[in-house]
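Q: I am new to this structure and would like to learn how to read it. Could we go through its features one at a time?

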Amino acid sequence: MRKVRDVAHLTAMRLISDTTTLRRLGPDDLRAFQAYRNDPVIAQYQSWDQMDDERATGFLNYVATMTPLIQPDQWTQIGVAETATNTLIGDIGIHLSADESEIELGITLAPESHGQGHGTRATQLAIQYIFNETKADKIKVWADTRNAASRALAQRAGFTFTGIEENDGVTEAAFVMHRPA
């Protein structure tokens with residue numbers, strides 16, 4: 001992976017590897033965003049609801065201009081795109097705790113992008129971004145215990161399994177990564 005280029009100021013945000021890019025979501029992503037977000041197979045392990053055009057456009061406009069991108073006690077979404085085409089293939093959710101000590105991270109990829117390494121690369125870029133741009137000491141990830149691919153991704157990205165937890169009626173595997181010393 002090439003060294004990350006980070007142009008994170010105002011509304012710009014772009015982190016690039018050879019094949020995977022993290023960038024701000026925007027209104028031009030509407031169709032791709034809705035395609036994977038409305039896929040029932042993808043949605044089965046997620047806590048979000050489907051969005052009609054109006055709601056999805058409003059959401060994409062909001063996260064496109066949210067400044068700063070990561071704010072205490074708020075979720076934000078960052079687009080995952082193929083580097084060569086800049087085509088949206090997924091998104092990463094980031095939630096900074098109110099006291100700014102930890103981040104919760106989650107990733108969603110379009111089914112046609114599974115198994116190509118985009119999830120691992122996008123997660124690694126997000127980790128780098130989080131530790132560069134926030135004071136958070138740790139990043140937490142939860143994966144539905146039925147979602148083997150998500151659990152494997154957390155481990156490939158360097159997270160440590162900490163146990164099984166029950167959250168809102170869902171049995172989840174918990175993972176953590178601490179800020180490097």
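Q: Which residue meets the side chain of Arg37 in a salt bridge?
A: A salt bridge is a side-chain nitrogen of Lys or Arg within 4 Å of a carboxyl oxygen of Asp or Glu. Here the side chain of Arg37 meets that of Asp91, at 2.9 Å from N to O. Arg37 belongs to helix H1 and Asp91 to strand S4 (residues 88–96), so the pair ties together parts 54 residues apart in sequence. Helices (H or I, at least four residues) and strands (E, at least two) are DSSP runs, numbered from the N terminus.

Q: Where do these numbers come from?
A: This is a predicted model, in which local features need pLDDT of at least 70 and side-chain atom pairs count only at pLDDT 80 or more, while totals for chains, interfaces and linings use all residues. Residues are numbered from 1 along each chain as its sequence is written, and side-chain values use heavy atoms, leaving out hydrogens and water.

Q: Is Asp91 buried or exposed?
A: Buried means under 20% relative accessible area, exposed over 50%, and partly exposed in between (1.4 Å probe, protein chains only). Asp91 is buried because its relative accessible area is 1%. Arg37 counts as buried too, at 6%.

Q: How many salt bridges does a search of the whole structure find?
A: The search finds 7. One of them joins Asp53 and Arg31, at 3.0 Å from N to O. Asp53 sits in helix H3 (residues 53–65) and Arg31 in helix H1 (residues 30–37), 22 residues apart. Arg31 is exposed, with a relative accessible area of 54%, whereas Asp53 is partly exposed at 37%.

Q: Which residues are linked with Glu102 in a network of salt bridges?
A: Lys138 and Lys140 are linked with Glu102 in the network. For Lys140 and Glu102, the closest N and O atoms are 3.3 Å apart. This pair links strand S6 (residues 138–144), which holds Lys140, to strand S5 (residues 102–109), which holds Glu102, across 38 residues.

Q: What is the order of the strands in the open sheet?
A: Strands of a sheet pair through backbone hydrogen bonds, either parallel or antiparallel. Two strands count as paired if DSSP finds at least two bridges between them. The open sheet has 8 strands in the order S1-S2-S3-S4-S5-S6-S8-S7, with mixed pairing. Its edge strands, S1 (14–16) and S7 (160–167), each pair on one side only.

Q: In which sense do strand S2 and strand S3 pair?
A: Strand S2 (residues 20–23) and strand S3 (residues 74–82) pair in the antiparallel sense, over 4 bridges. Thr21 stands opposite Ala81 in S3.
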